[in-house]
Amino acid sequence: MRILSLEIKKISRQSLTLMEVCGTHTMNIARYGIRSLLPENVQIISGPGCPVCVTSVSDLQMAINLAKEPDVIIATFGDMLKVPVQGGDTLQNYKNVKIVYSPLDALQIAQDNFPSKKEVVLLGIGFETTIPLIAATIKCAYEQTITNFSVLSMHKIIPPALDVVLSARDNKINGLILPGHVSVITGSAYFNFLKKYQTSGVIAGFAALEIMESIYLLVRFLNEGRVEIANNYQRVVSAEGNLQANLLMNEVFQISDANWRGIGIIPNSGMEIVEKYASFDTKKRFSHAILHSEQKIEEAPGCLCGGILMGKFNPNECGHFAKRCTPATPIGPCMVSSEGTCAAYYKYSLLK
């Protein structure tokens, strides 16, 4: 680590802004104190890589509306429980919300509750890493003719969000630390589109040394004026990715528009369930009146989560950070999620 730190300082000749777009990288960069090992002219900012954080308020409100239904059981990963909507309501306020550790856990809950006719709704969040797992669960439910199970798909894919970030007029990002988990599924070639923005990227592993190596490669490419998409996680990431997972994902899901928290609707950035499996699509099983509240859905006043996800702000620039907004009393999702930028800054005291 020390040698890489010295090498980065040696070759760094210009001010550089690097964005990491994976929530695990967000937390590990903070945990390992990687920012302190870099020269002052190399800055690392966070991007839209936390699936809980990019879940829109309106989608979260849909989940809460379903949780109010007496014959519905919500199955969700734990990070979603404490994310508040306007007024402070959260999923943890409802007794029929169950934490699952695998999508198949939700299917088991549906089977266990079949005699009572309770509907089990799995909250489908996550990027390309998670979507094949949800697809496999839906296919399993289809093959077993389980009729009281559905998925509220809030899934998103990474490239369209990066298009929005990199095409912004005020974009100052020079290079990207690319997500390792996503790349295992998609393959490294998935990110070749970044070259049209003259932006280099390095797919990174998650150990401190792997992250530092990836930063070194980025700094070297940028200082040499090279536009490269490099795979620094070759022990698990191939050029083509996991072909079986991609086939499964494309069998059950199709591209759709999606609403990203703090960003808005990004065309072709989401995944919706195809017609063959429509009976497992929560949005088609429940009426519009149940899913959609009549109240206007707004962000909490003063919350900068949207700007933080776009790389425009650091958490300490938010007036709520570490004051009104803490892990115990969160205002925005970036403080709730275990992969959130605000949570990382708070936990590791990155206040400068």
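Colleague: How many bridges join strand β7 to β8, and do these strands run parallel or antiparallel?

Modeller: Strands of a sheet pair through backbone hydrogen bonds, either parallel or antiparallel. Here β7 (residues 175–178) and β8 are joined by 4 bridges and run parallel; strands count as paired if DSSP finds at least two bridges between them. Gly-175 has Ser-200 in β8 as its bridge partner. From β7 the chain passes through helix α7 (residues 180–186) to β8, in a right-handed β-α-β crossover. Right-handed means that, with the strands pointing away from the viewer, the path from the first strand over the helix to the second runs clockwise. Helices (H or I, at least four residues) and strands (E, at least two) are DSSP runs, numbered from the N terminus.

Please note that this is a predicted model, in which local features need pLDDT of at least 70 and side-chain atom pairs count only at pLDDT 80 or more, while totals for chains, interfaces and linings use all residues. Residues are numbered from 1 along each chain as its sequence is written, and side-chain values use heavy atoms, with hydrogens and water left out.

Colleague: Which way do the residues of β8 point, and are they buried or exposed?

Modeller: In β8 (residues 200–203), Ser-200 and Val-202 point one way, Gly-201 and Ile-203 the other, and all are buried. Buried means under 20% relative accessible area, exposed over 50%, and partly exposed in between, with a 1.4 Å probe and protein chains only.

Colleague: What joins β8 to β9?

Modeller: There are 3 bridges between β8 and β9 (residues 229–231), which run parallel. Ile-203 stands opposite Asn-231 in β9. Together with helix α8 (residues 208–223), β8 and β9 make a left-handed β-α-β unit.

Colleague: In what order do the strands form the open sheet?

Modeller: The order of the 5 strands is β2-β1-β7-β8-β9, with parallel pairing. At the edges are β2 (42–46) and β9, each pairing on one side only. On average, neighbouring strands are turned by 20 degrees against each other, direction ignored. Helix α8 packs on this sheet, touching β1, β2, β7, β8 and β9, and its direction makes about 160 degrees with that of β8. Such axes are lines fitted to C-alpha atoms, for helices over the stretch in contact, and angles run from 0 to 180 degrees between N-to-C directions. Contact means heavy atoms within 4.5 Å.

Colleague: Where does Ser-153 lie, and with which residues is Ser-153 in contact?

Modeller: Ser-153 lies in strand β6 (residues 149–153) and counts as buried because its relative accessibility is 7%. Beyond its neighbours within four places in sequence, Ser-153 is in contact with Gly-124, Phe-253, Met-271, Glu-272 and Lys-283. A polar atom of the Ser-153 side chain lies 2.6 Å from the backbone oxygen of Met-271.

Colleague: How many aromatic pairs does a search of the whole structure find?

Modeller: Rings of Phe, Tyr and Trp (its six-membered ring) pair if their centres lie within 6.5 Å; planes under 30 degrees apart count as stacked, over 60 as edge-to-face and the rest as tilted. The search finds 5 aromatic pairs. One of them is the edge-to-face pair of Tyr-190 and Phe-191, at 5.4 Å centre to centre with 85 degrees between the planes. Tyr-190 is partly exposed at 27% relative accessibility, whereas Phe-191 is buried at 0%.

How values were computed. Polar contact = N/O pair within 3.5 Å; in protein donor to acceptor, adjacent residues only side chain to side chain.
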